[in-house]
Amino acid sequence: MIVEYIRYRIAEAERRADFEKAYAAAAQQLDLAPQCLGYELSHGIEEPDRYILRIEWTSVEDHEKGFRGGPHFPPFLAEIRSYIGDIEEMKHYTRTSVASTAGGTA
């Protein structure tokens, strides 16, 4: 499993709600794609023009060839195409052994 992080900067406040709606619609294709193991879109608090999309893929090849070459990518891209110019980073990462063992609650 690998993790893809996509950092967006949506400067115009009026575009942010539309951006979230577009990703909600695009996410339906991620749910259908066997290469996608999960995703999460986070919105910046200190910097509200910032978003980070985290997607877990089975592998880089499955993402780049399987998903992008498959039937779910065209409708996914159609939903978010107008935000491609807002991307600041789009990279794949591998997890390390440093991770929380807690259940995520305080």
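In which strand is Ile52 found? Ile52 is found in strand β3. The model is predicted. The chain has three helices and four strands, and read from the N terminus the order of these elements is β-α-β-β-α-α-β.

**Overall dimensions and surface**

- Taken along the principal axes, the box filled by the C-alpha atoms of the chain is roughly 40 × 40 × 20 Å.
- The chain has 106 residues, and 33% of them count as buried.
- The accessible surface of the chain is about 6,700 Å², and carbon and sulfur atoms account for 52% of that area.
- Considering contacts in the chain between residues at least 6 apart in sequence, 71% are between residues at least 24 apart.
- The chain carries 12 positive and 18 negative side chains; the centres of these two sets are 3 Å apart.

**Strand β3 and its partners**

- Strand β3 covers residues 50–57 and strand β2 covers residues 36–43; the two run antiparallel and are joined by seven bridges.
- Two of the residues with a bridge partner in β3 are Ser42, whose partner is Ile52, and Tyr39, whose partner is Ile55.
- Strand β1 also runs antiparallel to β3, with eight bridges between them.
- Ile2 has Trp57 as its bridge partner in β3.
- Six of the eight residues of β3 are buried, so the strand is largely enclosed by the rest of the structure.

- Ile52 counts as partly exposed because its relative accessibility is 38%, which lies between the limits of 20% and 50%.
- Leaving aside residues up to four places away in sequence, Ile52 touches Tyr5, Ile6, Arg7, Glu40, Leu41 and Ser42.
- One of these contacts, Ser42, is the residue whose bridge partner in β3 is Ile52.

**Ile6 in β1**

- Ile6 is found in strand β1, which covers residues 2–9.
- Ile6 has a relative accessibility of 5% and therefore counts as buried, the cut-off being under 20%.
- Not counting residues up to four places away in sequence, Ile6 touches Tyr51, Ile52, Leu53, Ile87, Glu89 and Met90.
- Ile6 and Ile87 are 81 residues apart in sequence, yet their C-alpha atoms are 6.9 Å apart in space.

**Aromatic rings**

- The structure holds eleven aromatic pairs.
- One of them is Phe19 with Tyr23: the ring centres are 5.3 Å apart and the planes stand at 65°, so this pair is edge-to-face, an arrangement that requires planes over 60 degrees apart.
- Both residues of this pair, Phe19 and Tyr23, belong to helix α1 (residues 13–32); they are four residues apart, about one turn of the helix.
- Phe19 has a relative accessible area of 0% and is therefore buried, while Tyr23 counts as buried because its relative accessibility is 5%.
- Phe19 also forms an edge-to-face aromatic pair with Tyr83, at 5.1 Å centre to centre and with 75° between the planes.
- The pair of Phe19 and Tyr83 links distant parts of the chain, 64 residues apart: Phe19 is in helix α1, whereas Tyr83 is in the loop between α3 (73–80) and β4 (87–93).
- Phe19 and Tyr83 are both buried.
- A single aromatic cluster is formed by Tyr8, Phe19, Tyr23, Tyr51, Trp57, Phe67, Phe73, Phe76 and Tyr83.
- Among the members of this cluster are Trp57, the bridge partner of Ile2 in β3, and Tyr51, one of the residues that Ile6 touches.

Terms used
Residues numbered from 1 in each chain as written. Predicted model: local features only at pLDDT ≥ 70, side-chain atom pairs only at ≥ 80, totals over all residues. Heavy atoms only, no water. Buried < 20%, exposed > 50% of the residue type's maximum accessible area, 1.4 Å probe, protein only. Contact = heavy atoms within 4.5 Å. Areas by Shrake-Rupley, 256 points an atom, 1.4 Å probe, with all protein chains shown as cover. Lys, Arg positive; Asp, Glu negative; His and termini not counted. Charge placed at Lys NZ, Arg CZ, Asp CG, Glu CD. Phe/Tyr/Trp six-rings, centres within 6.5 Å; stacked < 30°, edge-to-face > 60°. Pairing = 2+ DSSP bridges.
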